[in-house]
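Please look over the sequence and the model before reading on.

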Number of protein chains: 2
Amino acid sequence: MTSAALSKVMDTNPVVIRRMLAGIRDAGYVRSDKGHGGGWTLACEMSQLSLRDIYDALGRPTVFAVGHRKESPDCLVEQAVNASLTAALDEAEAVLLARFADVSLDQIASDVQKRLRARKTQQRRRQGTGGCGHV
Amino acid sequence: MTSAALSKVMDTNPVVIRRMLAGIRDAGYVRSDKGHGGGWTLACEMSQLSLRDIYDALGRPTVFAVGHRKESPDCLVEQAVNASLTAALDEAEAVLLARFADVSLDQIASDVQKRLRARKTQQRRRQGTGGCGHV
DNA sequence: TTCTCATGTAACTGCATAAGTTACATGATC
DNA sequence: GATCATGTAACTTATGCAGTTACATGAGAA
């Protein structure tokens, strides 16, 4: 799939797609090819790729919107607050990353399949009965 | 303590202090008084006030810097990713808030005391021996 | 070889959010 | 009434991210 096609689907810009996928490619999870027939292809088994892997490949961006004002404040109160805050944040981050590690791409793919079936069933129901008229 | 004094200590602006403390005052944890001798005073026991209480009083700001692009996307893949992401984020947020609830202000206060003693010991050591000359 | 397609990347432009600032109103105390 | 302190609206940076433009590079087709 090309960056242009992906950007349309994701309602954004081809360059944004390339910037994002660059890290994932460098980690070896996808491949990019130039020229005719080029674009992006998956380079590993979906079952071997987790959300955690992608998070790492993206450069482990900051997880939290909250945090310290200073890294090493002189103020002892600020130091004490930072210590408590850091302990709590670290623990929460560990939980989050563990959960990310639990989710592989094939799980997401099968979830998509499930949603696809659900959508089709709903469409059939609406057409078959002529629709309830509410939706 | 006045907003002006607090802003100096925290290296910021009096108005920023007032904006922050406004929510905490509305929740009843601190009091503000105008005029001579006015300023901010604690309105409850430090042991009864946790980081979680303060987080709530501040309006429960967004915890995570990562998240969805859209709340209700048409794209089934995006829906599936959102579902996995939300589950993980919710779990991490629950852990974080639980940790916040575990930390009361008097714990932080005693941590400050501990740090104060440690700093004094270090200062005495430096002065007593004439100092090592490195710091 | 030349044309076209696709990625790679630098550089720039919004755009949203938070912090900081200014200005002035309100109320309490001396 | 003078002074001190908060309350708040309005404005000004500062920052980071998404989006965009422009062009270089490389691969394949004609």
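Which element gives the largest share of the surface near DNA strand C? That element is α2(A), with 4 residues. The model discussed here is predicted.

## Surroundings of DNA strand C

DNA strand C is surrounded by 22 residues, and the closest are A:Ser3, A:Arg18, A:Arg25, B:Thr12 and B:Arg19. Sugar or phosphate accounts for 60% of the atoms of DNA strand C within 4 Å of the protein, and bases supply the rest.

Individual contacts involve phosphate and base atoms. In the side chain of B:Thr12, an N or O atom is 2.6 Å from a phosphate oxygen of DNA strand C. A base nitrogen of DNA strand C lies 3.3 Å from a polar side-chain atom of A:Arg19. Two or more residues of the surface near DNA strand C come from each of α2 (14–26), β1 (30–33) and β2 (39–42) of chain A, and from α2 (14–26) of chain B.

## Surroundings of DNA strand D

Around DNA strand D there are 22 residues, of which A:Thr12, A:Arg19, B:Ser3, B:Arg18 and B:Arg25 come nearest. The surface near DNA strand D divides into 10 polar, 8 charged and 4 nonpolar residues. Among the atoms of DNA strand D within 4 Å of the protein, 60% are part of sugar or phosphate, while the rest belong to bases.

Which part of A:Gly35 lies 3.0 Å from a base nitrogen of DNA strand D? The atom concerned is a backbone N or O atom. The side chain of A:Lys34 has an N or O atom 3.3 Å from a sugar or linking oxygen of DNA strand D. In chain B, an N or O atom in the side chain of B:Arg18 is 3.4 Å from a phosphate oxygen of DNA strand D. The elements giving two or more residues to the surface near DNA strand D are α2, β1 (30–33) and β2 (39–42) of chain B, together with α2 of chain A. The largest share, 4 residues, comes from α2(B).

## A nonpolar patch on chain A

A:Met1, A:Val9 and A:Met10 make a nonpolar surface patch of about 280 Å². Of these residues, A:Met1 is placed in the segment before α1 (3–9) of chain A.

Methods
Residues numbered from 1 in each chain as written. Chains lettered and ligands numbered in written order. Predicted model: local features only at pLDDT ≥ 70, side-chain atom pairs only at ≥ 80, totals over all residues. Heavy atoms only, no water. Near = heavy atom within 4 Å. Polar contact = N/O pair within 3.5 Å; in protein donor to acceptor, adjacent residues only side chain to side chain. Patch = residues over 30% accessible without salt bridge, like charges linked within 9 Å, V, L, I, M, F, W, Y side chains within 5 Å. Areas by Shrake-Rupley, 256 points an atom, 1.4 Å probe, with all protein chains shown as cover. Salt bridge = Lys/Arg side-chain N within 4 Å of Asp/Glu carboxyl O. Nonpolar A, V, L, I, M, F, W, Y, C, P; charged D, E, K, R; others polar.
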